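Open the model in a viewer and keep the sequence at hand. The stops below say what to select and what is found there.

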Amino acid sequence: MTVRHVAEYVLLVLGVGILALSAIGVLAMHSVYDRLHYVSTGSFGAALVCVAVTVRESFSLIGNKTLLIAFFLLISGPVLTHATARAARVRERGQWKVREGERVETLQR
Amino acid sequence: MPARLCAWWIALAALWLALDDTVAFPELMTGAAAALIGAVAAEVVHSQHLVRVRVKPSWLRYAWRPVVRVFPETARVLLALLRQLVLRRPVSGEFRMVPFRPGRPDGAYDMTRRALAKTAGSFAPNTYVVGVDEEREVMLVHQLEPGGDASDLDPLELG
């Protein structure tokens with residue numbers, strides 16, 4: 001077993017493990033806002049699986065394609081999370097902005 | 001306009017070739033047609049002037065921060081899940097706000113700055129940005145495990 005095989009298996013096990021836990025997280029969390037955090041970890045897990053494929057196939061057409069997929073997953077994940085959270089707040093409260101009386105901690109710069 | 005349409009067509013056709021992985025004639029024709037549809041759609045969207053992108057290179061000086069934060073924050077979020085499942089300690093996230101200078105609503109630089117702040121702030125799993133409130137001049141975020149300072153909520157420090 002070469003170093004490359006070890007790296008490939010480590011990335012694959014990590015990626016699949018994170019994906020499985022993310023799926024459980026989506027089911028286990030109580031509110032939509034908490035569940036959305038596990039969608040992000042799912043994208044990261046899937047990206048690790050893509051990197052594992054690239055390590056196995058090297059920078060071939062298949063390897064490059066999986067890297068491209070990983071890139072799209074990592075870029076589109078945050079945008080989808082942001083848009084879904086905003087839509088959830090609009091559905092729940094009529095607007096996404098903080099209303100008077102809603103207790104939200106404000107940090108200072 | 002034709003130059004931009006051609007540029008879009010070339011970029012999309014190249015993407016098709018990279019993903020399709022074959023140069024068989026029917027596939028090439030399908031790719032050319034799909035790229036043309038995509039290029040026309042991109043041109044139509046561009047002509048509406050809904051989105052204008054202008055980036056200042058100095059905004060990207062902390063671009064490494066969201067990427068580095070992915071690893072510890074993934075561990076943090078997954079540990080929170082395990083705590084809930086194993087120790088039966090319920091996890092409940094919180095909304096937090098950080099001061100954010102919104103700038104002009106339709107200014108190209110300010111639109112890009114807000115979009116970058118939202119994307120970078122939502123990159124690592126423990127935090128995501130809900131929006132930038134122009135009236136109150138704050139950015140609203142949600143954290144599963146509340147913590148950290150303003151630079152954790154706005155990692156590129158664009159506010």
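## Starting in a loop of chain B

Select Arg88(B), which sits in the loop that runs between α3 and β1 of chain B. This is a predicted model. The phi angle of Arg88(B) is near 60°, a positive value in a residue that is not glycine. Arg88(B) counts as exposed, with 68% relative accessibility.

Go on to Glu137(B), in the loop between β2 and β3 of chain B. Its phi is positive too, near 55°, and Glu137(B) is not a glycine either. With a relative accessibility of 45%, Glu137(B) counts as partly exposed.

## Where the two chains meet

Show both chains. In this contact, 49 residues of chain B touch 37 residues of chain A. The size of an interface is often given as the accessible area lost when the parts come together. Between chain B and chain A the buried area is about 3900 Å², with 66% of it from carbon and sulfur atoms. Select Phe95(B), Met97(B) and Tyr128(B): these supply 16% of the area that chain B buries against chain A, more than any other three residues.

Next, look for charged pairs across the interface. Three salt bridges are counted between chain B and chain A. For a salt bridge to display, pick Arg96(B) and Glu105(A), whose closest N and O atoms are 3.0 Å apart. Polar contacts across the interface of chain B and chain A amount to 17 residue pairs, both residues being at pLDDT 80 or more.

Which elements of chain B supply at least two residues each of the side that touches chain A? They are α1 (2-20), α3, β1 (94-99), α4 (108-121), β2 (127-133), β3 (138-143) and α5 (150-153). The largest share of that side, 10 residues, comes from α3(B). Sorted by class, the side of chain B that touches chain A has 27 nonpolar, 13 polar and nine charged residues.

In soluble globular proteins, nonpolar side chains tend to be buried together. Select Tyr38(A) and Leu144(B), the residues with the most contacts inside the largest nonpolar core, which has 16 residues. Helices α1 (3-28) and α2 (32-57) of chain A, along with α3 (64-86) of chain B, each supply at least two residues of this core. Its largest share, five residues, comes from α3(B).

Stay on Tyr38(A) and display what surrounds it. Neighbours within four places in sequence aside, Tyr38(A) is in contact in chain A with Leu21(A), Ser22(A), Gly25(A), Val26(A) and Met29(A). In chain B, Tyr38(A) is in contact with Val77(B), Leu78(B), Ala80(B), Leu81(B) and Leu144(B). Apart from this core lies another, of 14 residues, among them Val98(B), Met139(B), Val141(B) and Leu158(B).

Select Ser22(A), in helix α1 of chain A. Is Ser22(A) buried or exposed? Its relative accessible area is 2%, so Ser22(A) is buried. A polar atom of the Ser22(A) side chain lies 3.2 Å from the backbone nitrogen of Gly42(A). Leaving out neighbours within four places in sequence, the contacts of Ser22(A) are Tyr38(A), Thr41(A) and Gly42(A).

## Salt bridges within the chains

Over all chains, the structure holds 14 salt bridges. Select Glu8(A) and Arg56(A), a salt bridge with its closest N and O atoms 2.8 Å apart. Glu8(A) lies in helix α1 of chain A and Arg56(A) in helix α2 of chain A, so the pair ties together parts 48 residues apart in sequence. Glu8(A) is buried at 7% relative accessibility, whereas Arg56(A) is exposed at 51%.

Move to Glu157(B) and Arg65(B), another salt bridge, with the closest N and O atoms 2.8 Å apart. This pair links distant parts of the chain, 92 residues apart: Glu157(B) is in the segment after α5 of chain B, and Arg65(B) is in helix α3 of chain B. Glu157(B) counts as partly exposed at 34% relative accessibility, and Arg65(B) is buried at 17%.

The next pair is Arg104(B) and Asp106(B), whose side chains meet in a salt bridge at 3.9 Å, N to O. Arg104(B) is exposed, with a relative accessible area of 53%, while Asp106(B) counts as partly exposed at 45%.

For the last stop, select Arg89(A), Glu92(A), Arg93(A) and Glu102(A), which salt bridges with shared partners join into one network.

Methods:
Residues numbered from 1 in each chain as written. Chains lettered and ligands numbered in written order. Predicted model: local features only at pLDDT ≥ 70, side-chain atom pairs only at ≥ 80, totals over all residues. Heavy atoms only, no water. Core = buried A, V, L, I, M, F, W, Y, C linked by side-chain atoms within 4.5 Å. Buried < 20%, exposed > 50% of the residue type's maximum accessible area, 1.4 Å probe, protein only. Helix = DSSP H or I, 4+ residues; strand = E, 2+ residues; numbered from the N terminus. Contact = heavy atoms within 4.5 Å. Buried area = accessible area lost by both parts, 1.4 Å probe. Salt bridge = Lys/Arg side-chain N within 4 Å of Asp/Glu carboxyl O. Polar contact = N/O pair within 3.5 Å; in protein donor to acceptor, adjacent residues only side chain to side chain. Nonpolar A, V, L, I, M, F, W, Y, C, P; charged D, E, K, R; others polar.
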